[in-house]
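Dear colleague,

Here is the structure I promised to pass on. My notes follow below it.

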Amino acid sequence: MTELLAAIAVLAVGTYTFRATGPLLRKRWKPSPALQRTLEVASVVLLAAVAARSGTFHDGELAGGALIGGAAVAAVLSWIKAPFLVIVGVAVAVTAGLRFAGLG
Amino acid sequence: MYAFILLNMDTMNRTELHSLLRSVAVVCLAGGILGISYGALATGYGLPWWIPVLLSVAVVAGASEMMFVAIIGAGGSPWLAAAAGLLVNARHIPFGFQVAPVMGHGLRSILGAHAINDESTSFALAGSSPAIRRLGFWACGVGIVLVWPLGTALGTWLGAFLGDLDRWGLDAVFPAMILALVIPKARAGGAALTTAVVVGAAITVATASFLPAGLPELLSLAAIAVARPWRPTTTEPELSS
């Protein structure tokens, strides 16, 4: 039990440290414009990668066509700048519909 | 929060403000639903209710928490679970640098750091003006910090009664939300950024089946080389004037 609590503390403190590094360093050191652009691109690329993974993998295994289909439709709707609610709603509807049709 | 909105009213267009708050509300609602399914999942492993709830309060990073409970639920070492969770959460380091300017200084940056997550970072990137980015980050960040543990607690309580939430297509909510915020940003960044995003996503998906979770996402950073953002651009003030 103590070991479990200590492991949770390590994950929580470590994650907070990751989050706080940028905000706390910023007082003393300001990234150059080139580094700022790089960090912005890094954030966009990372978020897209997180979305791509969560739209294609489920519980560590390749997802069925229903989730991949819903995520693909969301990507297309996002590209044509559909409203936020439409994107999320259509993605859920497509995934539920395909799953109902037996596509896993 | 309301006073904060009023302070920013003059710098924001009313429709833009409403559409932002509506999007934040949807994201928070979705966060709560994801929390419910996570709480139900954790109790499904036979873990006591307070473990997922404590993680949700102290960590607030869904993917790492699900991995943590999956590992200890399967009888694995808590230290291995913590290490895997930290690998998944390493992406918050660049997020922190990116979000820092919208957070403010002092106490606000110390508290705001806990509110950095995939969703709030997406709002901080996607907003059309500094005021919209700041409000989007804070509203979404604080909302998730509150709604995620509440959803988790509810999920541990409702547990087995819920059945499979994925039947309703709810597993598509998270990728759809992030794509909706990030793809327009990538498109606005031009062909170089769009290509980097596509290449990065391809690297992640191609490696996700055999690398430990977290690593495929970090590998996507190699795609930054495609956009080469460190090179001087013609849009920089000293060059364009």
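In which helix is the place of B:A191? The residue sits in helix 11 of chain B, which covers residues 190-207. Please keep in mind that this is a predicted model.

B:A191 has 10 other C-beta atoms within 10 Å. A residue counts as exposed at 12 or fewer, so B:A191 is exposed. Between the C-alpha atoms of B:A191 and B:A202 there are 16 Å, and the two residues are 11 apart along the chain.

Helix 4 of chain A (residues 84-100) packs with helix 10 of chain B, the axes being 9 Å apart and the angle about 150 degrees. Angles over 145 degrees count as roughly antiparallel, so this description applies to helix 4 of chain A and helix 10 of chain B. Their crossing is right-handed. From helix 4 of chain A, the contact is made by A:F84, A:I87, A:V88, A:A91 and A:V92; from helix 10 of chain B, by B:V173, B:A176, B:M177 and B:A180. This contact has 9 nonpolar residues, with no polar and no charged ones.

Regards

Notes:
Residues are numbered from 1 along each chain as its sequence is written. Chains are lettered from A and ligands numbered from 1 in the order in which they are written. This is a predicted model: local features need pLDDT of at least 70, side-chain atom pairs count only at pLDDT 80 or more; totals for chains, interfaces and linings use all residues. Axes are lines fitted to C-alpha atoms, for helices over the stretch in contact, and angles run from 0 to 180 degrees between N-to-C directions. Helices (H or I, at least four residues) and strands (E, at least two) are DSSP runs, numbered from the N terminus. Angles under 35 degrees count as roughly parallel, over 145 as roughly antiparallel, 65 to 115 as roughly perpendicular and the rest as oblique. A crossing is left-handed if the near helix is turned anticlockwise from the far one by less than a right angle, and right-handed if clockwise. Two residues are in contact if their C-beta atoms, placed from the backbone, lie within 7 Å. Ala, Val, Leu, Ile, Met, Phe, Trp, Tyr, Cys and Pro count as nonpolar, Asp, Glu, Lys and Arg as charged, and the others, Gly among them, as polar. A residue is buried if 20 or more other C-beta atoms lie within 10 Å of its own, exposed if 12 or fewer, and partly exposed in between; C-beta atoms are placed from the backbone.
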